[in-house]
Amino acid sequence: MTIDRSAPVRGAGTVGGEAGPRPDLTYAAFCATHQPAWHAAALTRTGSRADAALVVEAVKGDLARCWPQVVRFEEPAAYAWRLANRHIADWASGAEPVAVEAVTFEAVIGAFKQVADGLLHSEADEVRLYAAILELPDRQRDVVILRYLLGLNVKVIGAYLGRPVATVHSNLRHARERLARRLGICELPDRGGESAP
């Protein structure tokens with residue numbers, strides 16, 4: 001994937017009141033902090049730990065090549081999340097239909113059992129939930145993965161996605177409504193709590 005180096009830099013960080021890159025934001029620390037989110041998104045979409053690892057390595061490679069520009073962005077995490085989603089989309093466009101590994105399926109469904117506690121009565125219900133997660137619009141799928149797979153709070157999710165907290169709340173609510181309809185139930189409660197830390 002190529003990075004448009006001629007694109008204008010949005011909202012440079014400030015250090016001591018002067019515009020410039022944030023020296024305390026290192027590539028290694030940034031990747032260590034955000035890699036779990038990229039991996040969770042890739043794992044959910046690809047269904048394979050090996051493919052998810054390839055996607056994450058591609059994201060890290062792109063970030064390494066343009067790191068001085070990335071640290072100047074107002075929300076480097078949001079930029080990296082968009083980059084991860086582009087790599088996932090590239091992977092999906094060239095892949096055969098996804099054959100989800102059992103371990104991946106169990107990890108994703110296990111994370112969502114707190115939301116659907118008592119509502120998944122059979123393996124067929126679990127398969128329907130997994131399929132419904134994959135069918136969510138991108139914005140809703142992103143917040144669902146970050147909230148329920150990683151347990152991030154809405155403020156952190158907003159920073160990842162470059163969205164206001166109110167939008168994250170709205171995306172979560174609409175996603176739960178869609179998932180509930182797919183499962184044929186009235187409501188899918190948020191057992192984790194939208195505003196939980």
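User: Among contacts in the protein chain between residues at least 6 apart in sequence, what percentage join residues at least 24 apart?
Analyst: This is a predicted model. The contacts considered are those between residues at least 6 apart in sequence. Of these, the share that joins residues at least 24 apart is 69%.

User: How many helices and strands does the protein chain have, and in what order do they run?
Analyst: The chain comes to nine helices and two strands. Read from the N terminus on, the order is β-β-α-α-α-α-α-α-α-α-α.

User: Which helices do the buried residues of α4 pack against?
Analyst: Helix α4 covers residues 76-94, and its end C-alpha atoms lie 28 Å apart, which agrees with the 27 Å that 19 residues should span. Its buried residues include Trp 81, Leu 83, Ile 88 and Trp 91. The buried residues of α4 pack against α1, α2, α3, α7 and α8.

User: Is Lys 60 buried or exposed?
Analyst: Lys 60 is found in helix α2, residues 49-65. Leaving aside residues up to four places away in sequence, Lys 60 touches Tyr 27, Cys 31, Gln 35 and Trp 38. Buried means under 20% relative accessible area. Lys 60 has 18% relative accessibility, so Lys 60 counts as buried.

User: Which residue forms a salt bridge with Arg 65?
Analyst: Side chains of opposite charge can pair when their charged atoms come close. With the closest N and O atoms 2.3 Å apart, the partner is Asp 62.

User: How far apart are the closest N and O atoms of Arg 141 and Asp 138?
Analyst: Both residues lie in helix α7, three residues apart, about one turn of the helix. Arg 141 is buried, with a relative accessible area of 4%. The two form a salt bridge, and the distance between the closest N and O atoms is 2.4 Å.

User: Where does Arg 163, which meets Asp 142 in a salt bridge, lie?
Analyst: The side chains of Asp 142 and Arg 163 meet at 4.0 Å, N to O. This pair links distant parts of the chain, 21 residues apart, with Asp 142 in helix α7 and Arg 163 in the loop between α8 and α9. Asp 142 counts as buried at 6% relative accessibility, and Arg 163 counts as buried at 13%. The place asked for is the loop between α8 and α9.

Note on methods
Residues are numbered from 1 along each chain as its sequence is written. This is a predicted model: local features need pLDDT of at least 70, side-chain atom pairs count only at pLDDT 80 or more; totals for chains, interfaces and linings use all residues. Side-chain values use heavy atoms; hydrogens and water are left out. Helices (H or I, at least four residues) and strands (E, at least two) are DSSP runs, numbered from the N terminus. Buried means under 20% relative accessible area, exposed over 50%, partly exposed in between (1.4 Å probe, protein chains only). Contact means heavy atoms within 4.5 Å. The expected span of a helix is 1.5 Å times one less than its number of residues.
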